[in-house]
Amino acid sequence: MKSVTTIIIGAGQAGLAASKQLSDRGIDHIVLERGSIGNSWKTERWDSLRLLTPNWQSRLPGYFYDGPEPDGYMNMSEVVSYLESYSRVIDAPIQDNTNVISVERRFERYIVKTTRGTWASSTLVLANGACSLASIPKFADAVPQSIRQMSPLEYKNPDQLESGGVLIVGASATGVQLAREIQQSGRQVTLSVGEHIRVPRTYRGKDIKWWMDVLGLLDIMYHEVEDLNRVRKLSSLQLAGTQDCMFDLNSLSDCGVEITGRLAAMRGEHAIFSGSLANVCSLADLKMNRLLESIDQCVEANAGTEVTIPPRTFEPTRVPEAPALNIDFGDRKIKTVIWATGFKPDYSWLHLPVFDRKGNIRHEGGIVDAPGLYVLGLPFLRKRKSTLIDGAGDDAGFVASHLASSLRKAAA
């Protein structure tokens, strides 16, 4: 059995940021990675995907994007190259192709059994990501076996799909991007829409992420929100890594996508949808307009800034007069269902009493309810930007400082 002070599980942006922060504090550690650096970006994303954040916002501790397209958006191979380069710069002690089989606690040590041996440590950082598994509703089991089902973790491009209709469930960033791509491949797409967040890609000449950064929205702390559990479950913005157009329901309707309400149940070959589509769209419009109003107020309060483009209004979401409430897969010739219903982390190997009744890790801003155990990369872990590349450094810095302080107290 090999021993080290700290084990980090996962070599994505969170794990690498944690490695840098621990190295800066002189704490010996190892980073265990099931595949290679940025494995999820490399193997579990579709071909056309680009980051939702502009390149200038790809910032890690002591490292930032300095390429020729600061306002562009990295594709997946560029993200992997970025992370690989960062790992070399910080000389991260990575052991790749190492699957974690189990984690237990014995005699005040964490015992991490892997496919390449067993490690022991006094502290442990879980940085294996929030998107390891697709979150699929239980009634997916009722979908007829003749219909192919897949998650965005399996989807690569439209060539995988049979000819025929496609039902995409979920209208956040993933759902709207796949809906456009598949519709443009010549397959009729039906998009099932629940609660979502509508925003423009750019406003008054600046990327919406730039505005969120300037307004401090991405730096809001977890203890500053009223309903933290709800905020942590919020869907991603309806965005895509392109400045070509707005990826909202109106643009999808314009290219032929059929918009329906939230999928509520399956009954044989019939999909049953909620009648709340108009309400959720109205709420999304309201929230978007509030955000744009706060941007306008920011511009007015800072007269003489570089922002010269005047404000604009966006057409309200066009809701079908009678959106389908019951769809027969046979009549619509639907051959595929894609569950763009979110993701969740995989802690099936973590054999510790640290989960709540819903299976979520109990933590306070990354400090888990167990001695010397920490978690990174979860939604709104400490800040709104916690799951972004740009948010990994701040969270990792806090965790590393707390971890170092705990080690000093234990040694005193």
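A quick word on what you're looking at. This is a predicted model, in which local features need pLDDT of at least 70 and side-chain atom pairs count only at pLDDT 80 or more, while totals for chains, interfaces and linings use all residues. Residues are numbered from 1 along each chain as its sequence is written, and side-chain values use heavy atoms, with hydrogens and water left out.

**The cores.** Isoleucine 168 also belongs to the largest nonpolar core, which has 85 residues; Val103, Leu126, Ile168 and Leu191 have the most contacts inside it. A nonpolar core here is a set of buried Ala, Val, Leu, Ile, Met, Phe, Trp, Tyr and Cys residues joined through side-chain atoms within 4.5 Å. Buried means under 20% relative accessible area, exposed means over 50%, and partly exposed is in between (1.4 Å probe, protein chains only). Another core lies apart from the largest one and has 16 residues, among them Tyr203, Ile208, Trp211 and Leu292. In soluble globular proteins, nonpolar side chains tend to be buried together.

**Two sheets.** Helices (H or I, at least four residues) and strands (E, at least two) are DSSP runs, numbered from the N terminus. Two strands pair if DSSP finds at least two bridges between them. Another open sheet has 3 strands in the order 18-19-20, and its pairing is antiparallel. Its edges are strand 18 (263-267) and strand 20 (326-328); each has a single partner strand, so one side of each is left without a neighbour. From one strand to the next, the twist averages 20° (axes are lines fitted to C-alpha atoms, for helices over the stretch in contact, and angles run from 0 to 180 degrees between N-to-C directions).

Here are some of the strand pairs:

| Strands | Direction | Bridges |
|---|---|---|
| Strand 7 (residues 100-106) and strand 8 (residues 109-114) | antiparallel | 6 bridges |
| Strand 8 and strand 9 (residues 117-121) | antiparallel | 5 bridges |
| Strand 19 (residues 270-273) and strand 20 | antiparallel | 3 bridges |

You can follow single residues across these pairs. Serine 102 has lysine 113 in strand 8 as its bridge partner, and isoleucine 111 has alanine 120 in strand 9. In the other sheet, isoleucine 272 stands opposite asparagine 326 in strand 20. The hairpin of strand 7 and strand 8 has 2 residues between the strands, and in it phenylalanine 107 takes a positive phi near 50°.

**Loop residues tucked away.** Proline 158 sits in the loop between strand 12 (148-150) and strand 13 (165-169). With 11% relative accessibility, proline 158 counts as buried. Neighbours within four places in sequence aside, proline 158 is in contact with Glu181, Ile182, Ser185 and Arg187. Asparagine 55 is in the loop between helix 2 (39-43) and strand 4 (59-60), and asparagine 55 is buried at 4% relative accessibility. Leaving aside neighbours within four places in sequence, the contacts of asparagine 55 are Tyr65, Glu69, Pro70, Gly72, Tyr73 and Met74.

**Rings.** Rings of Phe, Tyr and Trp (its six-membered ring) pair if their centres lie within 6.5 Å; planes under 30 degrees apart count as stacked, over 60 as edge-to-face and the rest as tilted. The structure holds 7 aromatic pairs. One of them, tyrosine 203 with phenylalanine 314, is tilted, at 6.4 Å centre to centre and 40° between the planes. Tyrosine 203 lies in strand 15 (residues 202-203) and phenylalanine 314 in the loop between helix 8 (277-301) and strand 20, so the pair ties together parts 111 residues apart in sequence. Both tyrosine 203 and phenylalanine 314 are buried. The ring centres of tyrosine 347 and tryptophan 349 are 6.0 Å apart with planes at 75°, so that pair is edge-to-face. Tyrosine 347 and tryptophan 349 are both buried too. Ring pairs also link Tyr63, Tyr82 and Tyr86 into a cluster.

**Cysteines.** How many disulfides are there, counting a pair of cysteine sulfur atoms within 2.5 Å? The count comes to 0 disulfides. For cysteine 281, the nearest cysteine sulfur is that of cysteine 255, 15 Å away. Cysteine 281 is buried at 2% relative accessibility, whereas cysteine 131 is partly exposed at 31%.

Methods. Contact = heavy atoms within 4.5 Å. Disulfide = S-S within 2.5 Å.
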